[in-house]
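This briefing concerns the protein model shown below. Please keep the sequence and the coordinates at hand while reading.

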Amino acid sequence: MKGLLYYIVIALLALTACDDYDKWTTSTSARLTFSADTVAFDTVITGQGSTQRTLIAFNHNSSGLRIESVELAQGAASPFMVNVDGQYLYEGRGEDFEVYGKDSLYVRIAVSLPETDSDEIQPYSDELVFTLESGVRQSVTLTAQGMDVIILKGEVITEDETLDARRPYLVYDSLVVSEGATLTLPEGCTLMLHDSTSLLVHGTLKALGTLERPVTFRGDRTDNMFSYLPYDNTPNRWGGIHFFGSSTGNELTQCDIHGGDYGILCDSTSLEDTSTPLLRLSDCVVHNIGGDGLWLKHCVTEVTGTQISNTLGDCLHILGGGHTFIHCTIAQFYPFTSARGDALYMTNYNEETAYPLLWCDFVNCVITGYADDVIMGSIAEDEDNLCDYLFLNSLLRTERSQDEQRFRNIVYDTDSLEVSGKDHFTLFDTYAFLYDFTPDSLSAIRGLADEEYAKQYPLDRKGTSRLADGAPDAGAYEGQ
């Protein structure tokens, strides 16, 4: 008898629980709560579609809510695409949804924007309207921005050509500059390169940006990895820039090169005429790279006012040749792994092959990073394999050298300084990966530069005078 009574009580409790679970309300005071009032998409390339955003509709009431319809205010004309609890809103409308008490439903949203043949970014918006069984209408705003691009797919430049800066270029299957041809990228020009897509230069590249309108090389992901982190702030979004042995006379000024598998790679060239660099790099940024930042093999380069930073490989890798670096910041603070390369690696041989280092001068530079010693190399010094290098008026994070001919007026970046490592700089956000390598007021970088060299480059990479206070700073940036 007691056993029977026990099962009857359990059954009644189960029925009561089901009644509570299946209880619905049409009270106008019972409403949904949304995870966001607005679902905002980043700038979306027109004709390409977007990634999904997720909106959660919560029912915090003890009773369930029936939703008569969920619809886009613009209906079938809306550029937004919505899936509610697994049901796609055909023609922008869906019906008969239920949310139990203390439960929720998931809404997936994407957008596909039409090409408008416009050079300006175009705004789009719509309302996603939830109509409850009670007649209550609730809405969430959807917004996006559309950007038209010019698509280059497998493009080969065979004669001199100048791109324009009306709108960004979306590059697939690499962009090739043939030997003898010159590609000119004017101020404000942006190349957005797809996964593993590179700029391959057998001829000549002239990328001539300005402070106000730099030339930009970046990946084509415009959305976020996380709410606080754009894909554009992460490496390995595209390939890199590769100058081949036949290339000559390349000039990059005020260029922003970031997010690649590698930054700039320069192949071995003839060194019969060392008066003409393979590459002149001035007032540029090479940052957040998944390999080496600047890789130089048996060539001649001139690099001034440039930041090379945060690379999985070496920020600067030099194998022979002749190189001049003036007012450069080379900073190895790659955040994604401790197995990062060096800030500077220098050598004059590879296996059994000699690559003479004709000269390699670092003047008014900053070379630092996380590790205790970020300057490494392997140098063979003999009559048949020259090795000539100089560090002058620079801050170096390395072991103190006794070679006073090659290391002159050097500040060594150690813990004995008032600040060292990353604390030299004004912004170090390792959460959203934002950096500003302008020296802090307490840094030994301040006033370290040789003034005669600074006079040759009187403005830093941001356009600030190096000479105004009579004590120019080392590196690419003048402290404020």
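The model is predicted, so local features need pLDDT of at least 70 and side-chain atom pairs count only at pLDDT 80 or more, whereas totals for chains, interfaces and linings use all residues. Residues are numbered from 1 along each chain as its sequence is written, and side-chain values use heavy atoms, with hydrogens and water left out.

**Strands and sheet**

- An open sheet of mixed pairing is formed by 5 strands in the order S2-S10-S9-S4-S7; strands (E, at least two residues) are DSSP runs numbered from the N terminus, and two strands pair if DSSP finds at least two bridges between them.
- Strand S2 (38–45) and strand S7 (93–99) stand at the edges with a single partner strand each, so one side of each has no neighbour in the sheet.
- On average, neighbouring strands of this sheet are turned by 20 degrees against each other, direction ignored; the axes are lines fitted to C-alpha atoms, and angles run from 0 to 180 degrees between N-to-C directions.
- Within the sheet, strand S4 (residues 65–72) and strand S9 (residues 122–132) run antiparallel and are joined by 5 bridges. Glu-71 stands opposite Val-129 in S9.
- Strand S8 (residues 103–111) pairs in the antiparallel sense with strand S3 (residues 53–59) over 7 bridges, and with strand S5 (residues 80–84), also antiparallel, over 5 bridges.
- Val-107 in S8 is the bridge partner of Leu-55 and also of Val-84.

**Pockets**

- A pocket is an open set of points on a 1 Å grid over the protein atoms alone, where a 1.4 Å probe fits, with protein on both sides within 12 Å along at least five of seven lines; lining residues have an atom within 4 Å of a point.
- The largest pocket has a volume of about 400 Å³, the volume being the space filled by probe spheres set on the points.
- Its lining consists of 20 residues, with Asp-256, Val-285, His-287, Tyr-435 and Arg-461 nearest the centre.
- Strand S25 (255–258), strand S28 (285–289) and strand S46 (434–439) are the elements that give two or more residues to the lining of the largest pocket; S46 gives the most, with 4 residues.
- By class, the lining of the largest pocket has 8 nonpolar, 7 polar and 5 charged residues; Ala, Val, Leu, Ile, Met, Phe, Trp, Tyr, Cys and Pro count as nonpolar, Asp, Glu, Lys and Arg as charged, and the others, Gly among them, as polar.
- The second largest pocket has a volume of about 260 Å³, and 17 residues line it, with Gly-49, Asp-220, Arg-221, Thr-222 and Asp-223 nearest its centre.
- S2 and strand S14 (169–172) each give two or more residues to the lining of the second largest pocket, and the largest share, 5 residues, comes from S2.
- The lining of the second largest pocket has 5 nonpolar, 7 polar and 5 charged residues.

**Cysteines**

- The count of disulfides is 0, a disulfide being a pair of cysteine sulfur atoms within 2.5 Å.
- The sulfur of Cys-299 lies 4.8 Å from its closest cysteine sulfur, in Cys-266, which is too far for a bond.
- The sulfur of Cys-360 is likewise too far for a bond, at 8.6 Å from the closest cysteine sulfur, in Cys-387.
- Cys-299 is buried, with a relative accessible area of 0%; buried means under 20% relative accessible area (1.4 Å probe, protein chains only). Cys-360 also counts as buried, at 0% relative accessibility.

**A buried alanine**

- Ala-331 is found in strand S34 (residues 329–332) and counts as buried at 0% relative accessibility.
- The C-alpha atoms of Ala-331 and Asn-250 are separated by 24 Å, and the two residues are 81 residues apart along the chain.

Terms used:
Buried < 20%, exposed > 50% of the residue type's maximum accessible area, 1.4 Å probe, protein only.
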